[in-house]
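Please look over the chain and its ligand below before reading on. The notes that follow are grouped by topic.

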Amino acid sequence: MMRAAFGFLSLLLGLFGSGAQMQGDVTEGTSKQTTPDIWVEVRALRDMVVELKVQLSALEDKVKESENQVDDLRAELISTKFHMELLQTENRDLQTRLRNTESELLVCKSKIDQLERDNEAEATELKSFERRLTTTESRTSELERENADVQSELLINKSRIEQLEKENAGKTQMAFYAGLANGGVIGPYNTDITLKYSKVFTNIGEAYNPATGFFTAPVRGAYYFQFTVCSHGSQMPALSPHSASLSCSFVMAYFLLDHMTSWSDSD
Ligand SMILES: *[C@@H]1O[C@H](CO)[C@@H](O)[C@H](O)[C@H]1NC(C)=O
């Protein structure tokens, strides 16, 4: 730009130079004293004007450039302001979120503290449970041992009982002693009847049934019975205790009875 301006200036100077030459030829000799001074001044003024014009143009260019720069800067400023506002909004949001997060964090921390306390309590409880479990386990194994002992004792007792039952079966004991419930005369009958000795004094082994008057042998063996009968005259065995001609006999009898066979005092 500046170089172009200087080029233009030197061209103008060149033109003025030849003009002055021509002028000098025409007016030579008429106003030799004053004319050159005016032309010089005019030339200087022209030069100055030209120079000023050039400077003005340069300045105008500069101003335009500056204006453009200012516009650019303004646009940039607006954009920056907008950006800053955005950032401020974002910052406010972030601060709010930060506060929320902080309060959440506090809540979490207190929860964690609570959980840690709970955990400690549970660990203590667990330890106590473990101790109790160990105690229970040892007690259980103790009881199991005791149980095994009792079971073996029970087995021994069972076999003992079986042995005793076997031994007892060989010598089953029974005995009964009974009488007629109603006194007085019974009969006479034309057919055989069963006398029921319903008044029972002893009935060891319960083999005698006073309801039927039958004795049932629980095991095979020899049984001994004895009873007393009284009767009139030659009739045997009619019973009449108040009769004057009463004769009594004491009867002893052995019976070999099979298992579950019965005997009764039939007349
Ligand atoms: C075994 O019998 C004895 C008595 O003979 C008794 O003291 C004991 O309790 C019995 N044991 C069992 C396990 O029944």
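Classed by residue type, the shell around the ligand holds two nonpolar residues, one polar residue and one charged residue. The residues that form this shell are Val-150, Glu-153, Leu-154 and Asn-157. The model is a predicted one, and the protein chain averages a pLDDT of 81, with 73% of the residues scoring at least 70.

**Confidence along the chain**

- Confidence in the protein chain is highest in helix H2, residues 35–170, with a mean of 94, and lowest in helix H1, residues 2–26, where the mean is 48.
- The pLDDT falls below 50 over residues 17–29, and this stretch has four contacts in the model beyond near neighbours in sequence.
- Residues 238–246 likewise have a pLDDT below 50, and for this stretch the model contains 20 contacts beyond near neighbours in sequence.

**Overall architecture**

- The protein chain contains two helices and seven strands, and from the N terminus on its elements follow the order α-α-β-β-β-β-β-β-β.
- Of the 267 residues in the protein chain, buried residues make up 2%.
- When contacts in the protein chain between residues at least 6 apart in sequence are considered, 58% of them join residues at least 24 apart.

**Strands E1 and E2**

- Strand E1, residues 175–179, runs antiparallel to E2, and five bridges join the two strands.
- One of the residues involved is Ala-175, whose bridge partner in E2 is Ile-204.
- Strand E1 lies largely in the open, because the number of buried residues among its five is zero.
- Strand E2, residues 199–204, is hardly covered either, since the count of buried residues among its six residues is also zero.

- Although Ala-178 and Val-200 are 22 residues apart along the chain, their C-alpha atoms are separated by 4.2 Å.
- Leaving aside residues up to four places away in sequence, Ala-178 touches Tyr-197, Lys-199, Val-200, Phe-201, Tyr-208 and Pro-210.

- Glu-206 lies in the loop between E2 and strand E3, which spans residues 208–209.
- The phi angle of Glu-206 is near 55°, a positive value in a residue other than glycine.
- Glu-206 counts as exposed because it has 10 C-beta neighbours inside 10 Å, and the cut-off for an exposed residue is 12 or fewer.

Notes
Residues numbered from 1 in each chain as written. Predicted model: local features only at pLDDT ≥ 70, side-chain atom pairs only at ≥ 80, totals over all residues. Near = placed C-beta within 6 Å. Nonpolar A, V, L, I, M, F, W, Y, C, P; charged D, E, K, R; others polar. Buried ≥ 20, exposed ≤ 12 C-beta atoms within 10 Å, placed from the backbone. Helix = DSSP H or I, 4+ residues; strand = E, 2+ residues; numbered from the N terminus. Pairing = 2+ DSSP bridges. Contact = placed C-beta atoms within 7 Å. pLDDT = per-residue confidence, 0-100.
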